Each structure stands twice: as C-alpha cells, then as structure tokens.
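Welcome, and thanks for taking a look with me. Here are a few points to guide you as you turn the model around.

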Amino acid sequence: MQAETRAALAEWLQTETGADRLEITGQKLLSGGAIQENWLLELDVSGGRLDGAERVVLRTDAASGVDESHGRPEEFRLLSAGFEAGMTVPEPLILEAEGAVIGKPFYVMRAAAGTANPRILTRDEKIDPLRGELARQIGREMATLHAIRAPRPDLDFLGRPPSDAAAQRIAELYGFLDSLPKAYPALEWGLRWLELNKPAAGPSALCHRDFRTGNYMVADGRLTAVLDWEFAGWSDPLEDIGWFCARCWRFGVDDREAGGVGARADLYAGYSETAGAALDWSQVPFWEVLATVRWGTIALLQGERHNSGAERSIELALTGRKAAEMELDVLQQVAEIERSKSDV
C-alpha cells in the first residue's frame, strides 16, 4: 500500500470511527485470497470506537474477479447477517462502498486469531485430541447460518430463493463451462449425471457456498472465524455440507471426511444439535459430486483469468491446472455411487 493511499485511509478511518487520533503503524498483505486482497492493519487509536491498539483487516477487490463473486458492499452485508445471527465471524466494522478512499470499494473488520492454513489444520498433531469438538463446532456454525431464511430486506440483492437449488446450480455450471474457449467433457458428463440423479428440491436457506477448510480460522483447536463470504446465497443447506465434505477439500487427508479435519459423524451431530433436526444425509454424496464439478469449473475460470491476459498470476495459472484432478475425481465419485447402488 503506497504512502499516499495509507495516509488517506488513516484519515478516513479516524473520521469514521470518531477517533481523536489514528495512526496505521503496520500493514501486511495477507496470503491466500486469489479473488480478493486482504490487508492486515495495525492501528494505534485514541478515542472513538476503536480506542487503543487494534488489529483489523481491510478487504478489497483484486485486479479481476469471477462471475460468481459478490462485490464488497454485498459481502459486508452478508458478513453482518452472519455476525448478527451469532456466528463466529470477524466483527464487520466499516464499509466504504464508493471507492473514494483507495480507488476501489472495501470494508474493514476485526482481525481474528489463529490460522486458516489447510496443511496445518489437517496435519497438526496438536489438534488431534480436539478434532471431534472442532468438527461439531463447524456443524453448529453451519446450522446457525442456515437458520437465516428469506425474506430478508437487508439481503435483497440475493434475489428470491430458488425453487430448486440443485437445478439452478447445474444450469449455472453449464453456462460457466460454455463461456470457456475449450470443452471439458468429463465435467459436462458429471453435470449430466447430476441432472439425471437430482433429488427432490428442499427449502432454501442462506448458505455460505464456500465453507471449507482454508476459509475459517482456528486457534488452539477451536474455530475463531468463518471467512470469505463472497459466494454466499440462497440454496439448499446440503450444498454447504457437500462442499465441506467433498474429497477435493480434504487436502489429501481423505480418511477425515469432514474437510480433512474431523469425522463426518461429528459434523452431522453438531449440525443436528443446533438445528434441532437432521438433514437428509443420504443426499450428501450427490452434493459432493456437484461440489467437485463446481470447483473444477471455478478452477478453469480462474485459470482463464491468467490465460486471457486479464491478470497474469502464477497462482491463477496453477489453480487452472487443478481442474484435471477434479475431472478424475468426478468420474471416481460417480463410479463409487453407482457401485453402491448395485450392491443394494
């Protein structure tokens, strides 16, 4: 962040928080976030709502995005909805929607303790004794989120809940694949299988739609913040469960079916405990296949950001290569499901 931008930001933060004095004493561009930029800011504040030493995160747009991603003003409202519902999320503080301070919209939230690094969360032996409770806590967070139902005037930008969330997702993914310059028959075959095996539609709720290991913070074995709300929307709650449990988000620790961090039974138990009832867990394999097709498609779209020249990035280019793994995973997942049917 350039000195001029930093000075303008400090002045704006001082005004917005009602401080007598505010100085940005440190800044760091955080890793991750291929679609957004996240800056950790160290503040020294006198007076106002942030009086004292404070660590906050400024979240703003990267050079280019993907079609599914919300803008920062919409993401701020989604984060606020989760915070007000009692979820463990960073407290949303201030929104600057006009882009008048740093040249693009952004919002500021309190920094959370811990790490979101998937390799640490899936492999750190110090977490092992706490994994059962961690998976239950994640289930409880999802159930709290899914209690948010339409109508919600503050979330009117999401539109009306879909009458059939799975059918809507399949149609969206066909559209995204059709927008790419090449054909990807394995993913399209997966979409056709999803069409033919789609379960009956259920009621929609507010879903995070990117609730996975890597998008939540953990400190001392406990979840401290659910992050990255840019894909949230009305959907079937099972979409979040399937996304979290899909093999592509276990980071190589396949025997821990809940995001590579815990047992599926603990995730389900935590969810049911808070929701007061279980979901139809038999539908989760369908949603895991959909999750894999979706991640493969997003990987291709991110790779295209690099290939098109819109945003040259080795991270985006490597993400695009992940799609080949998803193609194989879709074929293997469907084969497993079909074999299980024939064994009945």
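1. Let's begin with a pair of helices. H4 passes H7 in a right-handed crossing. Please keep in mind that this is a predicted model.

2. Which residues make the contact? On the H4 side they are Ile138, Met142, Leu145 and His146. H7 brings Pro237, Asp240, Ile241 and Phe244. Sorted by class, this contact of H4 with H7 has six nonpolar residues, one polar and one charged.

3. Now for the geometry. Two packed helices are described by the angle between their axes and the distance between those axes. Helix H4 covers residues 131-146 and helix H7 covers residues 237-245; they pack at an angle of about 155 degrees, and their axes are 10 Å apart. Because angles over 145 degrees count as roughly antiparallel, H4 is roughly antiparallel to H7.

4. Which helix gives the most to the lining of the second largest pocket? That is H10, with six residues. Helix H9 (284-307) and helix H10 (314-343) each supply at least two residues of this lining.

5. By class, the second largest pocket is lined by seven nonpolar, four charged and three polar residues.

Conventions: Residues are numbered from 1 along each chain as its sequence is written. This is a predicted model: local features need pLDDT of at least 70, side-chain atom pairs count only at pLDDT 80 or more; totals for chains, interfaces and linings use all residues. Side-chain values use heavy atoms; hydrogens and water are left out. Helices (H or I, at least four residues) and strands (E, at least two) are DSSP runs, numbered from the N terminus. Ala, Val, Leu, Ile, Met, Phe, Trp, Tyr, Cys and Pro count as nonpolar, Asp, Glu, Lys and Arg as charged, and the others, Gly among them, as polar. Axes are lines fitted to C-alpha atoms, for helices over the stretch in contact, and angles run from 0 to 180 degrees between N-to-C directions. Angles under 35 degrees count as roughly parallel, over 145 as roughly antiparallel, 65 to 115 as roughly perpendicular and the rest as oblique. A crossing is left-handed if the near helix is turned anticlockwise from the far one by less than a right angle, and right-handed if clockwise. Contact means heavy atoms within 4.5 Å.
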